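Thanks for coming, everyone. Let me put the structure up, and then we can walk through a few parts of it.

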Amino acid sequence: MKRLTGVVIPLVTPFTENDTIDTASLERLTGYCIDGGMTCLYPCGTTGEMMYLSLEERKQVAETVVRQAAGRIPVFVQAGAWSQADTIALAKHAVEIGADGIGVVTPAFYTISDKGLVDFYTAVAKSVPEDFPVYMYGIKQNAVNDLNKAVCQAVASQCPNVLGVKYSFPDFTRLQELMTVNDGTFDVLVGPDHLFEAVCAVGGVGVVSGNAMCVREHYAALWKAIQADDYRLATKIQRRTNVLNSIMCAVNNIAAYKVILKEEGVLRTSRMRRPMEELPANTAAEMLAALRGLDYKTVIV
């Protein structure tokens, strides 16, 4: 089974001016990330405005990315949806189109007990072939429900295809606890970018980063330094990405990514799916100017 490691890109979902999926831009974005040295693609995640897409749109996005990636790097489709039935439908669709695995966010909005979370994840994991990789996804600040070691251990014990977790809340203690699941063989990827180097230094396996779409060179260099155990260099690059990311994430990070990618000629529009908002023109201009002022395309070590 393939595993999530390195710099995983939660792709934005490009839209046309008519608010349909812009497949041409999505194809360009897929190639842009692959050419930039990213290690895995993760469509239909939080950065992809997942909960504001219909099931058919999510299937269209997943099919486009898998087809365009053409096996060059793994594609793990985020299948978590509003209901368990829709999640299972998207999980099965990912298998059918040849994706390499899935991520599954916790149920959202309503509070679910730990037992309910275990039941949910085991149902999803058992709905796909036993050799099809599944990664859990915790983002309690958005989804309300959180993942702890006991839940992850219970799921992993029952479902050998559940290989790890993407954890997107900046709780370093919780991240390290999750690394002890299955006697330390459970993969842990971090969502908060500023913890990328630190989490990998203590046993994590990567980051799921929307910022990396826009500063690919920095994340490719940071991952290379981590793999070489060159943490002196990694620290330098991490600190620079932190500065760049603070600019990109100052107002509305997903909208900011689209502005930057449009500026790069990757996307045709920076449109967001309502009720998500675009960056005001003056805010976008100020952000781009700030990034250019820091020579954001250049890796400085």
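**Strands, a crossover and a buried glutamate**

Strands β6 and β7 (residues 187–190) pair in the parallel sense, over 4 bridges. Two strands pair if DSSP finds at least two bridges between them. Helices (H or I, at least four residues) and strands (E, at least two) are DSSP runs, numbered from the N terminus.

This is a predicted model: local features need pLDDT of at least 70, side-chain atom pairs count only at pLDDT 80 or more, and totals for chains, interfaces and linings use all residues. Residues are numbered from 1 along each chain as its sequence is written, and side-chain values use heavy atoms, without hydrogens and water.

Back to β6. From β6 the chain crosses through helix α7 (residues 172–178) to β7, and this β-α-β crossover is right-handed. That is, with the strands pointing away from the viewer, the path from the first strand over the helix to the second runs clockwise. Valine 165 stands opposite valine 188 in β7.

β6 also runs parallel to strand β5 (residues 134–138), joined by 5 bridges. There, glycine 138 has tyrosine 167 of β6 as its bridge partner.

How many residues of β6 are buried? 6 of 6, over residues 162–167. Buried means under 20% relative accessible area (1.4 Å probe, protein chains only).

Next, glutamate 197, in helix α8 (residues 196–201). Glutamate 197 is buried, yet has no salt bridge. A salt bridge needs a side-chain nitrogen of Lys or Arg within 4 Å of a carboxyl oxygen of Asp or Glu.

Conventions
Buried < 20%, exposed > 50% of the residue type's maximum accessible area, 1.4 Å probe, protein only. Lys, Arg positive; Asp, Glu negative; His and termini not counted.
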